[in-house]
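Hi there,

Here is the structure I promised to pass on. Have a look at it first, and then read on for my notes.

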Amino acid sequence: MRLNKLFASMILVGASFSGNGMAETFQPFEVTDIQIDGLQRVALGAALLNLPVKVGDTVDQVKLQQAIKSLYASTNFETISVSHEDGVLLVSVKERATISAVTFEGNKDIKDEQLQESLDGSGIKIGESLDRTMLSGIEKGLQDFYYGVGKYGAKVEAEVINLPRNRVELKFNFTEGLAAEIRQINVVGNTVFSDSELIGLLELKDYVAWWDLFGERRYQKQKLEADLETVKTYYHNQGYIRFAVTSTQVAMTPDRKGLYITINVDEGDKYEVSEVNLTGDLMGREELMKAILPIKEGDMYNGGDVTFTEEMYSKYLGRFGYAYPEVKTYPEINDETKEVALNINVNPGKRVYVRSINFSGNTVTKDEVMRRELRQMEGAWLNSAQVEQSKVLLNRLGYFETVDTETVQVPGSDDLVDVAFNVKEQPSGSFNAGVGYGTESGLSLQFGVQQSNFLGTGNQAGINLNTNKYSKNVNFSYTDPYFTKDGVSLGGSIFWNEFDANEANLERYKNKSYGIAVNSGFPINENNRLNGGIGYRHNAISEISAYEQALRFYNVYRESDDPNSDLAFDNFEINGGWYRSTLNRGTFPTDGSSQRLSAKATIPGSDLQYFKTDFDTNFYLPLTRNHSFVLLTRARLGYANGYGKFNENDQILPFWENYYSGGSSSLRGFKSNSVGPRSFYLYRGSEPCAPDPSGDGCTLPGDPNRIQVSSGRSIGGNAIATASVEMIVPTPFLDEAYSNSVRTSFFVDAGNVWDTEFDYDSYRYLPADEFDKLEDYSDPGRIRASWGMSVQWLSPMGPMVFSLAWPIKEYEDDETEIFSFNIGKTF
């Protein structure tokens with residue numbers, strides 16, 4: 001006899017068997033077999049494992065209820081019914097549909113990736129079974145999110161589309177609507193600070209100026225909560241320890257398009273610090289900890305100082321291996337005297353040691369390259385200062401866009417941790433192929449292979465082939481920054497260069513050079529480094545224009561029997577320098593400073609004897625905690641000259657070693673190499689003066705009073721001074737995640753180049769009007785200045801630089817260049 005007993009429906013609605021009379025007719029039975037009908041995706045064995053009944057069991061009403069509950073708990077089935085016939089337990093199931101696709105329609109404020117990430121946490125993802133009972137909760141959660149950003153007209157509807165083979169497509173349809181704007185923000189209860197002062201602290205705004213292109217009056221619940229904390233912190237920092245936000249109201253206009261926000265506050269009174277007590281385990285350092293205490297008796301209470309003190313002591317303890325100290329301040333408030341006593345309790349906890357240091361995210365850079373920059377050692381106690389210094393040194397390498405650290409407790413141990421360094425690698429100049437263009441300088445092309453992290457070894461290797469309309473060069477270089485374990489570097493280079501000054505906005509000459517150099521560096525400490533080297537260079541100079549400044553040099557070194565001959569020089573050079581850096585990053589730093597002092601000189605006995613010195617400095621001052629706004633100041637000073645004698649003449653600086661300025665590398669807004677002294681020519685009639693074998697004057701015949709002076713092009717000088725001030729700002733319309741690879745700044749540049757050695761007074765034999773022109777050509781005391789904006793991007797092809805600049809201070813003969821960009825150009 002077959003008995004149809006449908007228990008599933010009764011369990012789902014909470015009914016009992018006795019409620020419909022079945023308790024009287026149902027009789028327990030012994031299970032002789034179990035049959036499950038309706039399985040498709042779920043294996044029979046898996047279903048039986050979830051069924052707490054097996055053959056041979058005696059089943060009663062309670063046990064059947066438990067069996068059905070267990071099957072539902074497996075989340076595999078949508079409906080379940082149970083019956084039995086002649087001892088055979090018959091289970092009929094309908095499996096939950098499998099999610100074949102999840103799609104979104106109409107969402108603009110939330111990206112698909114964000115939505116899918118949220119759904120993954122709820123088990124709604126492709127390949128999983130669909131629990132329809134969760135859909136209404138998901139709809140409400142997504143709708144609440146829209147409410148939190150001020151879109152009170154938003155609606156979210158989940159649509160289930162049935163597909164063959166018990167599959168479904170889950171489609172979410174969004175109607176976002178318009179965001180409600182903040183009409184007005186009111187502060188009630190404030191007397192110490194004005195409404196405008198407090199509202200000015202808030203990130204939420206009820207007014208946006210017409211010129212503020214990025215401002216908005218959009219309401220967000222999370223921003224309001226953060227703003228309330230900002231106001232509370234502001235009051236606490238001014239001594240109002242009893243300040244409290246008593247309530248907030250967010251009222252919507254009837255059309256659901258506007259909001260009124262009211263913040264009710266209780267300011268309380270201003271309190272002073274009556275005493276500061278240090279308690280707890282001070283590890284015998286009580287005198288030092290009291291000496292560095294920034295809060296003193298009689299000070300106005302300042303919540304920021306309290307927080308700073310707690311963080312300072314925590315970091316101090318962290319330097320001695322106490323990784324998890326507890327530093328808490330317990331205020332005792334006296335409302336009668338308006339004073340507060342601060343009791344700072346220090347609990348260092350246990351000293352923690354580092355078991356291992358691990359790296360992740362470095363797919364190119366080898367672990368050993370990163371490990372040699374570490375100052376925290378495995379097996380030593382955890383030192384927070386050394387971990388932070390290790391992070392700074394890794395950032396300075398320039399291989400990584402970000403470096404993050406995490407201290408992970410070793411399971412089962414309260415005194416061991418692992419330190420994890422997670423990095424995000426960035427292009428390190430492995431391939432350089434690009435183009436540059438300036439409104440005046442024209443087109444330039446670059447190609448090369450330059451790898452500052454060669455094959456992940458940290459070594460610098462490069463083959464650079466660069467060409468533009470005025471220069472061609474080939475350079476092979478290799479440097480091992482850790483030639484010794486102590487950080488002594490060793491490197492070398494071989495180079496060839498062909499330069500046409502006439503195409504580089506300079507007076508005409510051509511210079512073909514080649515050479516070889518060896519360099520080494522020596523670390524002094526974490527921030528200072530010395531370097532030195534030696535090299536050989538050959539220069540072949542030809543097609544020199546007969547302008548007076550070049551003739552001064554040419555007449556000394558020309559062949560006596562051939563006054564129009566080319567010049568060739570072989571020189572051995574030594575160089576040395578000092579470099580200091582406290583920058584927080586190697587690429588796009590936002591904090592710290594760097595200074596570089598360098599000098600080179602030819603060795604006595606070389607064909608030419610001269611020296612050059614340079615000093616560069618950079619200061620980065622972050623103006624905000626997240627370093628989104630940074631003030632950058634830069635300066636460069638340089639001086640060069642000859643030394644010794646040649647054929648009874650003083651050695652002078654070769655004109656091709658002059659300093660130049662103008663262009664994207666120095667004074668932006670001015671044509672490349674155009675700033676500084678200009679050449680001048682002497683003419684009698686229409687003919688220029690030729691080199692004089694005697695080394696004096698002009699060889700052309702004619703009346704000396706008819707000598708004319710004509711200006712030429714820029715020639716550089718032996719001294720340079722430039723300076724820049726830049727405000728680095730967030731790049732508009734760009735996600736904050738790209739802040740380490742894209743940089744926007746507004747700048748002011750100023751400076752000039754001088755020739756301090758050329759004797760202009762020796763030309764006083766010229767007619768008075770012509771001599772007066774020389775002051776313009778020598779450029780004494782002139783300072784150029786410009787302003788503009790720059791966008792720099794670290795692209796896979798190399799650095800890209802866009803600049804717009806306009807001169808502030810210029811002169812009639814200056815050549816300007818408003819727009820320029822370069823790809824594959826070093827910053």
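Which residues form a nonpolar patch on the surface? In this predicted model, they are V748, W787, L804, W806, I808 and I818, and together they have about 520 Å² of accessible area. Strand β38 (residues 798–809) gives the largest share of that patch, with three residues. L804 lies in this strand.

Strand β35 (residues 719–729) and strand β36 (residues 742–754) run antiparallel and are joined by 11 bridges. On β35 there is a further partner: strand β29 (residues 630–642) is antiparallel to β35, with 10 bridges between them. Within that pair, R634 stands opposite S724 of β35.

E272, E275, E297, D299, D305, E332 and E339 form a negative surface patch. One of them, E297, sits in the loop between α9 (286–291) and α10 (303–318). Is E297 buried or exposed? E297 is exposed, because its relative accessible area is 63% and the cut-off for exposed is over 50%.

Finally, a covered helix: α13 (residues 548–557) has nine of its 10 residues buried. The buried ones include the aromatic residues F553, Y554 and Y557, and E548 and Q549 are also among them.

Key:
Residues are numbered from 1 along each chain as its sequence is written. This is a predicted model: local features need pLDDT of at least 70, side-chain atom pairs count only at pLDDT 80 or more; totals for chains, interfaces and linings use all residues. Side-chain values use heavy atoms; hydrogens and water are left out. Patches are made of residues with over 30% relative accessible area and no salt bridge: like charges are joined within 9 Å, nonpolar side chains (Val, Leu, Ile, Met, Phe, Trp, Tyr) within 5 Å. Accessible areas come from the Shrake-Rupley method with a 1.4 Å probe; for residues, only the protein chains shown count as cover. A salt bridge is a side-chain nitrogen of Lys or Arg within 4 Å of a carboxyl oxygen of Asp or Glu. Lys and Arg count as positive and Asp and Glu as negative; His and the chain ends are not counted. The place of a charge is taken as NZ of Lys, CZ of Arg, CG of Asp or CD of Glu. Helices (H or I, at least four residues) and strands (E, at least two) are DSSP runs, numbered from the N terminus. Buried means under 20% relative accessible area, exposed over 50%, partly exposed in between (1.4 Å probe, protein chains only). Two strands pair if DSSP finds at least two bridges between them.
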